[in-house]
Amino acid sequence: MSKTIVIYNSKTGYTKKYAEWIASELACEINDQRDLNLTRYKEFDTIIFGGSLYATGISGLKKFIKGLDEVEGKNIIVFATGLSLKSEEVRTEVMKANFKTPYEKQIEFFYYRGGFNFQNLPAVDKILMQIMKKSIERKAKKGTELTSDEKGMLAVFDDEVDFTNQRSIRGLLDYVRSLDVHTEGMEKTSH
């Protein structure tokens, strides 16, 4: 079985929840990105990174990808959590915004619906979210049609919402397990 690690960057806990579920199912190591030395990537065959979406950017992804400069031939999986409903449109938008490096063809990407809790945000993020809320409210007052994401943000802004679902990680787990089956098959034929 390949050696796997789950690394996460979570500001309010929803991404961490998915990372913990994935690590538990795969019985592998898990680390908060802030606590992990990038040189450790070399120790693993499969590296799974999770970060939350801010606009369409995945938190911590740039730092994660910097660590990939030192490794080749690894299985790289990235997942992101956000408020938007899971759809091919959201997935495509997030991929276009984040995977502009030579690694994009090497990365398998998954999107999960997370949650929102304004009170748990760091101070800087609270300020940014309040600015965004006011901008959406001004847009609505002008009679401009709001996107479904904008409507959703206004609806949940003052309440904690949690859309996490452990069943949604099945695709990622199946993908990782298929890598192990493929690797085991290659090892048997090379002996």
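This report describes charged side chains in a predicted model.

## Basis of the model

The model is predicted, with local features requiring pLDDT of at least 70 and side-chain atom pairs counting only at pLDDT 80 or more, while totals for chains, interfaces and linings use all residues. Residues are numbered from 1 along each chain as its sequence is written, and side-chain values use heavy atoms, leaving out hydrogens and water.

## Salt bridges

The whole structure contains 9 salt bridges (a side-chain nitrogen of Lys or Arg within 4 Å of a carboxyl oxygen of Asp or Glu). One of them pairs K17 with D162, with the closest N and O atoms 2.6 Å apart. Because K17 lies in helix α1 (residues 14-26) and D162 in strand β8 (residues 161-162), this pair ties together parts 145 residues apart in sequence. Helices (H or I, at least four residues) and strands (E, at least two) are DSSP runs, numbered from the N terminus.

A network of salt bridges links K3, E29, R40 and E43. Between R40 and E43, the closest N and O atoms are 2.9 Å apart. R40 is partly exposed at 22% relative accessibility, and E43 is partly exposed at 38% (buried is under 20% relative accessible area, exposed over 50%, partly exposed in between, with a 1.4 Å probe and protein chains only).

## Helix α4

E137 forms a salt bridge with K133, at 3.8 Å between the closest N and O atoms. The two residues are 4 apart in helix α4, about one helical turn. E137 is partly exposed at 31% relative accessibility, whereas K133 is buried at 17%.

K141 also belongs to helix α4 (residues 123-141) and is exposed, with a relative accessible area of 77%.
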